[in-house]
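Hi,

Here is the structure I said I would pass on.

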Amino acid sequence: MSLRVRVISREEHLAFVADRSSVSHMQLPSWGGVKPDWRAECLGWVDEGDLLVGVALVLLRPIPKVRRCLAYLPQGPVVDWYDPDLDRWLRPLLDHLRDRGAFSVKMGPPVIGRRWEAATVKGAIADPEVLRLGDVPADTTDPRAAELVRRLRGLGWRPSAEGEQGFAAGQPRCVFQLPLAGRSLDEIHSGLNQLWRRAVKKADGAGVKVVQGGYDDLETFYGLYTETAVRDRFTPRPLEYFQRMWRSLVAEDPDRMRLYLAEHEGDTLAAATMITVGDHVWYSYGASTSRRRETQPNNAIQWRMIQDAHELGAAVYDFRGITDTLDESDHHLGLLRFKVGTGGQAAEYVGEWDFALNKLLSGALGLYLSRR
């Protein structure tokens, strides 16, 4: 059965998503409001009976002087990735985006191919001979993911470049997830390693209080976030980015985005944002100060968010990106250890993929990005 792509309304998009257990928050109409430098468009796949069978949020980034644009579908589109005839989904998408002036398309299929249990990751970190998570045999693999990769290559798609720490140019290829479905809070707490359980108990004994904040508290979050950026050596986003995120996501659903603050004796020591879509909860951004680290505010805030995610009926609490490198000299390894302590799983997506609609312009863009 042939499919075609057409522009759909926000209401159609959200109604389709509501019938799914979850999709990425980056494939919701509200995410377009977070990216003002991109032109957002809601697309839908319809069958011969005009029934909506797939959706996508596509972001179009105009390129100055050439009157063409880059098309990006972060963690999407929302289609049947296991359809043997994948071309009937991707071909009409490419045709539509070509008509919109796109010269290159980037997408991130939300398909996980490999998973490693916390114990496996911990053992790999302790082994000085292992330098990459990808070199470690996975505890579970999905053969459908390997077949998807084969089909994408056969259709002319190519893997996007990855950074030095194993992070893709857009969204992280590897994430850490804590399964919640079918588990009690006591079982989840028992799954924390000894350091984590001790830290949660210490924070409670020290009087750390975790509360929910609102829009006006984003400035407090941002002060901690910029301090974290200096300490962890990354370039911070502007405050306006988080303010746009809050306005856009909360307007779509009042409980889509939450802000948590960990306080001790009137001093805010840590803050984090949480995003919920269906039964999937993401820890989105985190920040903390170096003051009073002995009170363990980071563990306290994460444990509160995990508890709230469980109360919401979430099937998974997603810590998002982790590094692929296991090299002790890499400062990202500390964050991986922190996440592994929850007893969850490392998961590897099939990664982001590019399709050159105009090979000359796509090649020029690739050269430019490689020299940045």
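Below is what I found on two pairs of packed helices.

Before anything else, bear in mind that this is a predicted model. As you know, a pair of packed helices is described by the angle between the axes and the distance between them.

Let's start with α3 and α10. Helix α3 covers residues 118-126 and helix α10 covers residues 333-340; their axes lie 10 Å apart, at an angle of about 150°. Angles over 145 degrees count as roughly antiparallel, so α3 is roughly antiparallel to α10. The crossing here is left-handed. On the α3 side, the contact involves Ala-118, Val-121, Lys-122 and Ile-125, and these meet Leu-333, Leu-336, Arg-337 and Val-340 of α10. Sorted by class, that contact has six nonpolar residues, two charged ones and no polar ones.

Now for α7 and α8. Helix α7 runs over residues 218-232 and helix α8 over residues 239-252, and their axes come within 10 Å of each other, crossing at roughly 140°. Because of that angle, α7 is oblique to α8. The crossing of α7 and α8 is right-handed. From α7, the residues in contact are Leu-218, Glu-219, Phe-221, Tyr-222 and Tyr-225, while α8 brings in Leu-239, Phe-242, Gln-243 and Trp-246.

Cheers

Notes. Residues numbered from 1 in each chain as written. Predicted model: local features only at pLDDT ≥ 70, side-chain atom pairs only at ≥ 80, totals over all residues. Heavy atoms only, no water. Axes fitted to C-alpha atoms, helices over the stretch in contact; angles between N-to-C directions. Helix = DSSP H or I, 4+ residues; strand = E, 2+ residues; numbered from the N terminus. Parallel < 35°, antiparallel > 145°, perpendicular 65-115°, else oblique. Left-handed = near helix turned anticlockwise from the far one by under 90°. Contact = heavy atoms within 4.5 Å. Nonpolar A, V, L, I, M, F, W, Y, C, P; charged D, E, K, R; others polar.
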